[in-house]
Amino acid sequence: MTTTTSAAVWPRCDATVAWTALRGHYEAHGRELDLREAFARDPGRFDSFALQAPEVFADLSKNRWDLATRKLLTDLARESGIEARRDAMLAGEPINTTEGRAVLHTALRAPRGAAPFGEQVHSVLDAMLAYAEQQRRRAKQGEITDVVNIGIGGSDLGPQMVVPALDAYAQRGLTLHFVSNVDGHDIAPVLRQLDARRTLFIVASKTFTTQETMANAQLARAWFLEQYGDGGEAAIAKHFAATTTNVDAAATFGISATFGFWDWVGGRYSLWSAIGLPIALAIGADNFRALLAGAHAMDQHFAHAELAHNLPVQLGLLDVWYRNFHGASSRSVAPYHQGLRRLPAYLQQLEMESNGKSVDLDGAPLPMGTSPVVWGEAGTNGQHAYFQMLHQGTDVIQVEFIAVRRTHYGPEILSPALRAGLADQHNKLLANCLAQSQALMLGKTAAEAATEKAPTASAELDVATIARHRSFRGNRPSTTLVLDELSPRSLGALIALYEHRVFVSGALWRINSFDQWGVELGKALCSQLLPRLSTGDTAGLDGSTAGLLKRLGAGKSADVA
């Protein structure tokens, strides 16, 4: 493994020979590549574009590339110094250059002695998991029925995505709630369900100063004292825990159970750290370690697999191919598993906060697009919402399907009849997943549509007009990722796959994927505007902000009913 931080080995992708070759290839072949013709010419195309990584199989054959494209893209990765930058990250070098920090979320899931800071990481991990097991025992005894995680951003999105995904592995009788929005309509419906004496709150904030998190934490504390009654102050230590680096602030709050992490853990990469406490509470220590092990297996694949067979690398290259050559500004993620319903929201932060940048490492403006808009919904729900646009809209949007081969509903569904019914539904789910990717690729000509009967078509329109409405252009690209089952290990591998993929595209654009300065301005302006909502002072504000502040009733206490 070669380690270096020299910018000379990290040229921006558009400054390479491979980029120029790709531009010519795109104009000559890539722009007009037709997937239907490609499959007709090459019966082995599926095998040629299949990749197996730990726990994840990928079918990349329905993408608009050929073997020549893949070779040129792989050359681009090599010439752009992907291997050197990857190695620098894994070695703990400060590749987050604007903050002078290492980027070591991979160290959080590495075995002892296999990554930097290993003893510190495992000391906190062991303590956090021991605490989780203690609370799970309390839950089995009926002392705790509910856990409320109070965080925002990475302190919320990661655990909130993983817990429902691994519901089949969760301890029954313990309900997890997630509160993130400073809007009181987020926390109020949660609090009214709870019994203060049987609730555990987790305050998740690296600095213990995050505005939204601390506002919700203080409200939860006030509610707890009000509902608990006598002895409430003393009981806070038993009913509140914190995942933070600010131990003193947590102690002032009344919290003694505190689990920390480090400045080289970015929020959107933090579910592997103490921020994963709600996950550990839900699925237990052994399953949490399996989650880490799956991610570590993907880390090893990313670190050692040849670029041409390295799944995170190839997915990141495809992202650059679509974004910078085909002009795609959007990617839809469609997980065909209800447990993964929060995955698109999680990936929005992971990719858009990481790569939503417009300058490179030197602060120079970028001449190409960076992060696409990432969005989606669980199948089959998405089919009845936005898939119309995917099939017949004016924009060609890359779609990523995620399918799970085997199901696991947990031990409660014991009836053979119920299991048979669930198996039948799972087949329907998988058939829908396969059909959607096939339909995107094949499409339907107007001539084909004219031979079909459309029961709901208006009798006032002629056959040719209806056929034009019912035709699909096709040749729309998709990727399908397949898990054998949705388990802690496979989910860990899947999440790590997405992390490294985002790293690859960001490295090609030569941007810092690990800062997020774009969120700071709004925070600063909020701090300035907050007192004005009470005073009504609009001096120095732009006309729109001043007008809206008046419209929202500035100078009066907020209306609460």
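**Contacts.** I began with the contacts in this predicted model. Among those with a separation of 6 or more, 75% join residues 24 or more positions apart.

**Helices and strands.** I went through the secondary structure next and found 22 helices and 11 strands in the chain.

**Overall size.** How does the radius of gyration compare with the globule rule? I got 26 Å, close to the 24 Å that the rule gives for 561 residues, so the chain is as compact as a globular protein of that length. I also fitted a box along the principal axes, and the C-alpha atoms fill roughly 75 × 65 × 60 Å.

**Inside and surface.** I then asked what share of the 561 residues count as buried. The figure came out at 52%. For the surface, I noted that the chain exposes about 24400 Å², with carbon and sulfur atoms supplying 54% of that area.

**Charges.** I looked up 52 positive and 57 negative charges in the chain. Their mean positions lie 3 Å apart.

**Cysteines.** A disulfide is a covalent bond between the sulfur atoms of two cysteines. How many did my search of the whole structure find? The search gave 0 disulfides. I still wanted to know about two cysteines: are Cys13 and Cys433 buried or exposed? Cys13 has 0% relative accessibility, so Cys13 counts as buried, the cut-off being under 20%. Cys433 has a relative accessible area of 2%, so Cys433 is buried by that cut-off too.

Technical notes
Residues are numbered from 1 along each chain as its sequence is written. This is a predicted model: local features need pLDDT of at least 70, side-chain atom pairs count only at pLDDT 80 or more; totals for chains, interfaces and linings use all residues. Side-chain values use heavy atoms; hydrogens and water are left out. Helices (H or I, at least four residues) and strands (E, at least two) are DSSP runs, numbered from the N terminus. The radius of gyration is taken over C-alpha atoms; the globule rule is 2.2 Å times the number of residues to the power 0.38. Buried means under 20% relative accessible area, exposed over 50%, partly exposed in between (1.4 Å probe, protein chains only). Contact means heavy atoms within 4.5 Å. Accessible areas come from the Shrake-Rupley method with a 1.4 Å probe; for residues, only the protein chains shown count as cover. Lys and Arg count as positive and Asp and Glu as negative; His and the chain ends are not counted. The place of a charge is taken as NZ of Lys, CZ of Arg, CG of Asp or CD of Glu. A disulfide is a pair of cysteine sulfur atoms within 2.5 Å.
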